[in-house]
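Please look through the sequence and the three-dimensional structure shown here. The explanation below is meant to be read alongside them.

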Amino acid sequence: MMIVNYIASFVLIALGLYTVCTKKNLIKIVLGMGLIDYGVNLLIVSFGFNEGGTAPIYQLSDLLNGVASGYFVDPVPQALTLTSIVIGACVEAMALSLVIMIYRKYRSVNADEVRRLRG
Amino acid sequence: MKFKDGIKEKNIIVKCGADKFLPFAITFGLYVILFGTVSPGGGFQGGVIVASAAIMIYLGYGFHIVSRALRSETLRVGEALGASLYVFLGLLGIIGGANFCRNIFFDNGEVGDLISAGTITYMSYAVGFKVLTGVGFLLLLLLGILAPDPEPAKPAATETKEQIEVKETLNETLHTEQKEKEAVS
Amino acid sequence: MNIQNFPVLAVMLLFLSAFLVEIFGSKIAAIRNFITIVAVTVSAALIFALIPAVLIKGEVISYWMGNWEPVAGYAIGIGYEVDALSLFFALLVVCTFWLSAVYSISYMKDDHHLGHYYTLFLMLSGSVLGLVLTGDIFNMFVMIEIMTFASVALTAFRNGTEGALEGAFKYLVIGSIGSSLNLAGIALLYAECHTLNMAQLSAILSGGLSPTTVMAFALIVAGFGVKSYMVPFHTPAADSYAVAPTAASMVFSGMVNKAGVYGMIRMVYIVFRAMDASALQMLLVIFGTLTMFVGVTMALAQHEFKRLLAYHSISQIGYVIMAVGLGSTLGLTGGLFHAMNHTLFKGLLFLTAGAVLKQAGTTNLDALGGLSKRMPRTTLYFLAGAAAISGIPPFNGFASKWIIYQAAYTKAVESGNFLYVIVTVAGLIVSVMTLASFIKVTQAVFFGQLREEHAHVQEPPFLMRLPMFLMALLCSAAGLFYPLVNRYLLHPAVDATVNVTNYIDKMMGDGYAAAAGVTNIPVQEVQFSFWDPLLWLVLFVVVFVAAAVVIMAGKGSRGRVLEEGAVADPKYATFFSGEQELYSQVGGSDLFWGFKKNWKAYYRVMDKLHSGIVTDYTNMAVIAVGVIVIVMFIFLI
């Protein structure tokens, strides 16, 4: 059933790329960047799933003695996703503060008018 | 909308909601940070929950109270302190003879206790403190950029007609006096 | 404190000092400068202390964080691994940020919020150093993200500069797309191989590539391509180098795009080991040639000093990517040597641009002129840098470009493919156009007539001249003593790139590489038999002396300034066309106008592509990523 997760994640990444490439409002472009990040996070978390596995909280003695069922989901993608969520939040915060300063200076958030550096 | 010391007071429902939720947010956030090794959560998650207190104070009371309650200099220095503490705890491993970030007193408690994971617990607290102050500072900056609350409007014309007439006659006499002075000089 | 701890200590010291500057250094300049200089010097010393072990004796330093050794043949911890390739790039990084720190103490003296500047600068240095020293693929991703944040914030640092915020925003959008695709590739790689350690990945992937790993490879190459500013991704580089403060621009052009090149070499040669596929070679060579060409033709049309230098930076990185993509050890030697030289001479050029900006107040090429009369030493350093980038002996640009041409032509002869002949010819033409562009800049900024408003500029202060002098010295030394450079720096690095057995064994235990089927290829040292730099130096000195003699002899009849009333004399009418201007500078933009006029159609297309709208840039980037993915899928399965 993980195929649903994978399809959803690729749809999110595709929608995010579409938003970044076609929308002209700078805030929409920032939202598109966020969508790409969320799609990639969903992809990473979905890779760690094992069917029928439990939460990965065990003691080493349990695993060695075979007391626990010994079949758990992978904890590494969870750690990767946490780091990636933090990074995504920081990117959005920085991008939005840049958009606020651009609005103060250029009096517009349309990408067609924010183009003093060209050529 | 009432005016209290010249600061606009927000809607009563939002203010009451902020009053009731604020201590809950801070306590719950601190719980998530402190019990990071025995329950889901940890440094980053708890820190963000506590930092949402800044938004709650803003929603209930407006920007002036928030900037008086949370001072940005303290938050900025606190963030850097938390980060340095984290790196220092990592360097303890090298001082202890092993590699970086080595858990050098990892067997000082039972599994399931609060202080049981060695260096990892303290690193988690340092990260929680850093995120708390860092995200709070970030929110304070972003809230400061938003449009400030408008000034309290001047009271509507409550002067009576007699007062207006008196004012006008006074103005006229002033004008005539000035013209006479100019004519003389 | 044994030598194994030094890489981690060097990186963590930079991060710790960034936080200390934030706490203590926001008000008092002396504390801030002290912490910065101590941190960069100690970091540099720690990295230099690794040279005897890694480069000369050929060891590999492997370090597991928290002592988490591999269990049952699987890596479970984060590993730092320093082999000769990493140390080569780490030396470049360390030299760049040391020189930039010394320069920025004096250059940024008049700015506000300097505590934030030094914090960002130290975080940037620490993250690039961590990127080249790490042995874990996700740690590399996190370091890339820290590098992106610090670069964006440094680009937007001077809010008042025209276009600073806009350049930072475009850089953030395109850099973030690249990083997200990189992360998607890393996730796919983890799903297939269940490990994040680069040594173990290299052993697992040496058995061949499955469709998942081909997609991961394409996304990771695209991600690192965005970081190293290959052609459709090069647009934010031009904007951000121009508007950042110059000390930061030098760090960007010296370290940040080298990080992208290092990542690409590490992925393609060591982790995926796919360099034998001729389709991949052709892809990298085509992208490299396109980058070279677009960079230099756009540079010829610029009117602003730092934007012109930024386009040249893009073009030189095209040389490096083309040389790396050739797939032979000669090409790899040329590519690495050119990367090192690019850091040195481009850093020098940016530092002189900063000196001009600080002293004269503008970098507009149409508003400057004749500064060599007031700033002679800066002019001398600039000429050294310009000669190095154009490939004039005896500077270092000549040596590395010669090796690249040789490698491309040898590849053309060996493979019989006509494309490589075109690539060699393109390299030569681009080098000539680089020389033309620098003649234009020299004339526009340093030679010619001095304007009245610049009549009082002085030489920059000592702390700004010292890094320029050191870099010019390193440029000439690398050019004159390049056999030494080859034996001690380049040959170990190339050897470490092509042979990964040592890399894998040191991390995962002996015998792991042999069990996975990885074999060694002996690498011979590159011979420079048929041209000798000393002869070229003698030739250069003879030509210089002859030119000086000719100039001195003709001094009497050179142009002299006319007196006030002489302009009305009819015998001078042909020179002034009837107009009486006392100021007649041949501007930099007036040179090569014939070239620009003949290529009008090309420049019209280029102007429309570089329109300044951020959505156009992202369209180009996404189309390029799509092309890379499709090409990889067609040819590598």
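The structure is a predicted model, and it scores ipTM 0.94 and pTM 0.89. Chain A has a mean pLDDT of 87, and 94% of its residues reach 70 or more. Within chain A, the lowest mean among the elements, 70, belongs to helix α3 (residues 60-65), while the highest, 94, belongs to helix α2. For chain C the mean pLDDT is 86, with 92% of the residues at 70 or more. Chain B averages 80, and 76% of its residues score at least 70. In chain B, strand β1 (residues 3-4) is lowest in confidence, with a mean of 50, whereas helix α1 (residues 12-34) is highest, at 91. Where pLDDT is low, predicted coordinates should not be read in detail.

Helix α1 (residues 2-22) and helix α2 (residues 26-47) of chain A have axes that come within 8 Å and cross at roughly 160°. Because angles over 145 degrees count as roughly antiparallel, α1(A) and α2(A) are roughly antiparallel to each other. The crossing of α1(A) past α2(A) is left-handed. By class, their contact has 17 nonpolar, seven polar and one charged residues.

How do helix α9 (residues 211-227) and helix α11 (residues 246-271) of chain C cross, and within what distance do their axes come? The axes come within 7 Å, and the crossing angle is roughly 160°. The helices α9(C) and α11(C) are therefore roughly antiparallel to each other, and α9(C) passes α11(C) in a left-handed crossing. On the side of α9(C), the contact is made by C:F217, C:I220, C:V221, C:F224, C:G225 and C:K227; α11(C) contributes residues including C:V256, C:G260, C:G263 and C:M267. The residues of this contact between α9(C) and α11(C) comprise eight nonpolar, four polar and one charged.

Helices from separate chains also pack together. Helix α4 (residues 76-106) of chain A lies against helix α7 (residues 164-193) of chain C, with axes 10 Å apart and an angle of about 165°. It follows from this angle that α4(A) and α7(C) are roughly antiparallel to each other. This crossing, too, is left-handed, as α4(A) passes α7(C). Among the residues of α4(A) that meet α7(C) are A:V91, A:M94, A:L98 and A:I102, and those of α7(C) include C:F169, C:L172 and C:L183. The residues of this contact of α4(A) with α7(C) divide into 16 nonpolar, two polar and two charged.

How many residues of chain C are in contact with chain B? There are 17, and they touch 15 residues of chain B. The size of an interface is often given as the accessible area lost when the parts come together. For chain C and chain B, this buried area is about 1,500 Å², 66% of it on carbon and sulfur atoms. Of the area that chain C buries against chain B, 32% is supplied by C:F19, C:I23 and C:N67, more than by any other three residues.

Notes: Residues numbered from 1 in each chain as written. Chains lettered and ligands numbered in written order. Predicted model: local features only at pLDDT ≥ 70, side-chain atom pairs only at ≥ 80, totals over all residues. Heavy atoms only, no water. Axes fitted to C-alpha atoms, helices over the stretch in contact; angles between N-to-C directions. Helix = DSSP H or I, 4+ residues; strand = E, 2+ residues; numbered from the N terminus. Parallel < 35°, antiparallel > 145°, perpendicular 65-115°, else oblique. Left-handed = near helix turned anticlockwise from the far one by under 90°. Contact = heavy atoms within 4.5 Å. Nonpolar A, V, L, I, M, F, W, Y, C, P; charged D, E, K, R; others polar. pLDDT = per-residue confidence, 0-100. Buried area = accessible area lost by both parts, 1.4 Å probe.
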